[in-house]
Each structure stands twice: as C-alpha cells, then as structure tokens.
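Work through the following exercises with the sequence and the model side by side. Each task is followed by a solution in steps.

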Amino acid sequence: MIYGTHNSATGGKLLWWLRPLAWVINPTSRCQDKSIEQQLKDGVKLFNLQITKHNGNWVFSHGLAIYKEELIPTLCLMRCYATKDCPTYFNLYLDDNLLLGQPDDDFRELLDELKEYLKESNLKLLYAWIEGSEEYFYTSNKVSCEERYWTLGWAKKNAKSLLGWLPLPKRHAKKHNAKYKADCKKEFLMLDFYNYG
C-alpha cells in the first residue's frame, strides 16, 4: 500500500494576514501536518491539491485557509521525486474559496498549460475538477485508490455524537486511520494526517 494525502498542501504556512486566525482556521481546514516535501521524503506518491488564485498566483487553499505555497514550484518539486518505475500522481481541484471565490476560466487555462508541462513526465495528473460542480477533467492515468477521511457523507452514516458531525480532520484521523490502514485492499490509500494511526 502506498499513501496518498487528502488536502495535501494544508501542512504549509497560512498567508501572513490569516496567521492570527490559525487557532480558528486550522482545526477544520488543516488535513496534514507535514509539508509536501516532507511527504515526498516519506514516500507519499498521490497528492490531492486544492487551489485558488491569489495576487495572480495559484496557491493552495481549503475553506477559509489560504496558504503561501504556490502550485507551480510545488509541481516542480514533485516532478523531481517522480521516476519511470515509481511515478508521482496528483489530483487538482479548484477550491470554492470562502474569501476569494472561484476563477473558473483561469483554471481551464491552467489545465491547458499543465498538459504541456506534464508531457513526457513521470508526474501524472489523474483528474481535475471544479469544486461544487459536476465538471470533471479526466486524463488517461488511473490508480487503484481508497479515500478515507471525514466527509459530510461519512458523518451522516457514522456519526454517533455531535463531535462526529464536526469537520475535525485531526480528531477523525487519530480515531480511524489505524482501521483504514488495516482494511485497505487497494494500491493507494488517501488519508487526512496519513502519519497518524
């Protein structure tokens, strides 16, 4: 089994003007406590990247969180860890960011540019989509992956207390990751806080 990470870039640094609110933002938005580079060094090979546009650059985001790390330098780093025998994969989606909105047309342009950048590369885009829509952009690369982390669907089916209904990724990972790891039958397992459990 190879680890994948959900909201992979949330272990990064918040933009400076959001840092005073980290105590409010992080409990519901942070899904990893390691940087992308640390995850690559740990052997993570599948990344779920949620992005928005800030000051003309594609940066990572999740809910109220906006991170200072940018997409393109991160993809360059990921590409360095990708080999023919062991590619690195990523999913990309446009966040419906609560503070910045959703620049759909810019996202489509980005995807066109990425197709050229990824050509002849061992860094593989699996699929991309726009959050909140049914519009998906698929590529020909597929992997066998289980995705296990807190979602509203999970809460509706499994929550036994008020805490189970709250989007608290760290609490969920501490409680459930060991079972998710033990039960995984697929090549990849995508988790919040993959290093827990």
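**Exercise 1.** Determine whether the side chains on each face of strand 9 are buried or exposed, and find the strands that pair with strand 9.

Solution. Step 1: locate strand 9, which spans residues 188-191; strands (E, at least two residues) and helices (H or I, at least four) are DSSP runs, numbered from the N terminus. The model is predicted, with local features requiring pLDDT of at least 70 and side-chain atom pairs pLDDT 80 or more, while totals for chains, interfaces and linings use all residues. Residues are numbered from 1 along each chain as its sequence is written, and side-chain values use heavy atoms, leaving out hydrogens and water.

Step 1: sort the side chains by face. In a regular strand the side chains alternate between the two faces of the sheet. Here Phe188 and Met190 are on one side, Leu189 and Leu191 on the other, and all are buried. Buried means under 20% relative accessible area, exposed over 50%, and partly exposed in between (1.4 Å probe, protein chains only).

Step 2: look for partners; two strands pair if DSSP finds at least two bridges between them. Strand 1 (residues 2-5) pairs with strand 9 in the parallel sense over four bridges, with Ile2 bridged to Phe188. Strand 8 (residues 145-148) is also parallel to strand 9, over four bridges, and Arg148 has Leu191 as its bridge partner.

**Exercise 2.** Describe the lining of the second largest pocket, and state which element gives the largest share.

Solution. Step 1: take the volume, about 260 Å³. A pocket is an open set of points on a 1 Å grid over the protein atoms alone, where a 1.4 Å probe fits, with protein on both sides within 12 Å along at least five of seven lines; lining residues have an atom within 4 Å of a point.

Step 1: list the lining. It has 14 residues, and Leu111, Lys115, Leu118, Leu125 and Thr139 are the closest to the centre. Helix 4 (104-118), strand 6 (123-130) and strand 7 (136-138) each give two or more residues; the largest share, six residues, is from helix 4.

**Exercise 3.** Count the aromatic pairs and characterise the one formed by Tyr3 and Tyr194.

Solution. Step 1: the whole structure holds six aromatic pairs. Rings of Phe, Tyr and Trp (its six-membered ring) pair if their centres lie within 6.5 Å; planes under 30 degrees apart are stacked, over 60 edge-to-face and the rest tilted.

Step 1: the rings of Tyr3 and Tyr194 are 5.9 Å apart centre to centre, with 50 degrees between the planes, a tilted pair. Tyr3 lies in strand 1 and Tyr194 in the segment after strand 9, so the pair ties together parts 191 residues apart in sequence.

Step 2: compare accessibility. Tyr3 is partly exposed at 23%, whereas Tyr194 is buried at 4%.

Note on methods. Points joined across faces, edges and corners; volume = space filled by probe spheres on them.
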